Amino acid sequence: MMHGVEKSDSRIVPKKPANKAGQIAAELVKGRRGTKRNAGGQSTVRTQSRAAVSQAQARIRGTVTRNKQEKLTALLHHVTVDVLRAAYFGLKKRAAPGVDGVTWDQYGEDLEGNLVDLHARVHRGAYRALPARRRYIPKSDGSERPLGIAAVEDKIVQAAVVAILTPIYEAEFLGFSYGFRPRRSQHDALDALAYGINSCKVNWILDCDIRAFFDEVSHDWLVKFLEHRIGDRRIIRLIQKWLKAGVLEEGKAIETTEGTAQGAVASPFLANVYLHYVYDLWVQQWRGSHSTGDMIVVRYADDTVVGFQHRQDAERFLRDLKERLAKFELRIHPEKTRLIEFCRYAAERRSKRGEGKPETFTFLGFTHYCGTKRNGRDFQLGRKTQRKRKQAKLREIKEALRQRMHATIDEQGRWLGAVLRGYFAYFAVPTNSRALTAFRYHVATLWYRSLRRRSQKDRTTWERMTILIERFLPPAHILHPWPDQRFHVKYSR
């Protein structure tokens, strides 16, 4: 039965700490002199909490190593107050509050008292998950993505449980799975894909997307998959509480019978578990028994790219994949799934057939295309910023400039510089310099127009603007190494 907001009185955080609150919590609330000492104390507690998590993970990792096939039946005792505290400090401080309206700062006013109470409720089974507050954010294609904003306590418990379960599944997950895993990033997935295309005999690329994956995950199948390794029923019941908590949209509680809310702390981890059994293990088996040539696989969350040497392998794989996903109540997105010819000879072959340039595909914000090196002959995998991502970011900057129109020029310049540095930190890869330079120019133009609109008598000239651009906007330099170089360093074996 879904628990409404009105049943969550025990979770409302008092503005002042209880008498039994620890010294650190008291110092955080009172705000007396000695802020340096208080900050140092909080930092020490945070470090100690992280150490407790590392120790718990090490113990679990050792158990997994000794018992690779057995279920783990005693896990909840690892969810200690220290682990909950580390989970709290790992949350985003300025994240929007859930349905209970409690923010990160408010919960921290009596942090020790709240964590002790939460720990007790979790271990005696009295913890109840609140419904997530549904919010929609725009996507680059113009549609909206539903997000589920959980309450602070739900985020803490989810993060703590994920921290405890991560060592178990890191020993299970396969190498071509990159999404939302420790020490693995989007650029690691991009590097692996580029390395595979360059080093293997890849002639065909299957760009595959699962339709509404997070909305259609089967709760029953997910629990069955978890039970392969998790024998502690208390952990399973906790996860079921999150899945069944539902959402609150415009004041109306909506029950959830399938799916896992995007935006929830545990959702990426649960998605990886689901796809590990539905997709990863199946792909590994399919490659060994059906592939007649080279085959590469890279998966990041529900977005996957598969490369094949032979077209008949790619076509058979796609047919079999549709059947495989259907067994677990998932579907291929027909518009976002394409099989294209993509290799060093694609341009030559298509020219002989009277066709145009080789088709491109997108992955993790980059458009991948068949290019050539500076000599104009040798093949080179090209990557440039996806057009939709670039346009969406420019629209976002334009709107933000409108809101900051009357801020000082220095404030606007510093903010724009930070935005550009963040953008370049992700997109500044080799072969993308032209797109980066163009993006910087568009940002400068938007800023110039914004300044001109501040007053009908504004006399900002482009010469003056050039000085501001050079002062505040970082130049468009390539920041990332070539994929093969970084891949060899990270995976030297």
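Predicted model: local features only at pLDDT ≥ 70, side-chain atom pairs only at ≥ 80, totals over all residues.

User: Where does Asn-203 lie?

Analyst: Asn-203 belongs to the loop that links α7 (186-199) to β3 (204-209).

User: Why is Asn-203 called buried?

Analyst: The relative accessibility of Asn-203 is 16%. Buried means under 20%, and Asn-203 therefore counts as buried.

User: Which residues does Asn-203 contact, beyond its neighbours within four places in sequence?

Analyst: Asn-203 is in contact with Phe-308, Gln-309, Ile-340, Glu-341, Phe-342, Cys-343 and Arg-349. The criterion is heavy atoms within 4.5 Å.

User: What makes β3 largely enclosed by the rest of the structure?

Analyst: Of the 6 residues of β3, 6 are buried, so the strand is largely enclosed. In a regular strand, side chains alternate between the two faces of the sheet. Both faces of β3 are covered: one side carries Trp-204, Leu-206 and Cys-208, the other Ile-205, Asp-207 and Asp-209, and all are buried.

User: How do you know that β3 pairs with β7?

Analyst: Pairing requires at least two bridges. β3 and β7 (residues 303-308) have 6 bridges, in the antiparallel sense, and the two strands therefore count as paired. Within this pairing, Asp-209 stands opposite Asp-303.

User: What makes β3 and β8 a pair?

Analyst: β3 and β8 (residues 338-341) are joined over 4 bridges, again antiparallel; with at least two required, the strands therefore pair. Here Leu-206 is opposite Leu-339.

Key
Residues numbered from 1 in each chain as written. Heavy atoms only, no water. Buried < 20%, exposed > 50% of the residue type's maximum accessible area, 1.4 Å probe, protein only.
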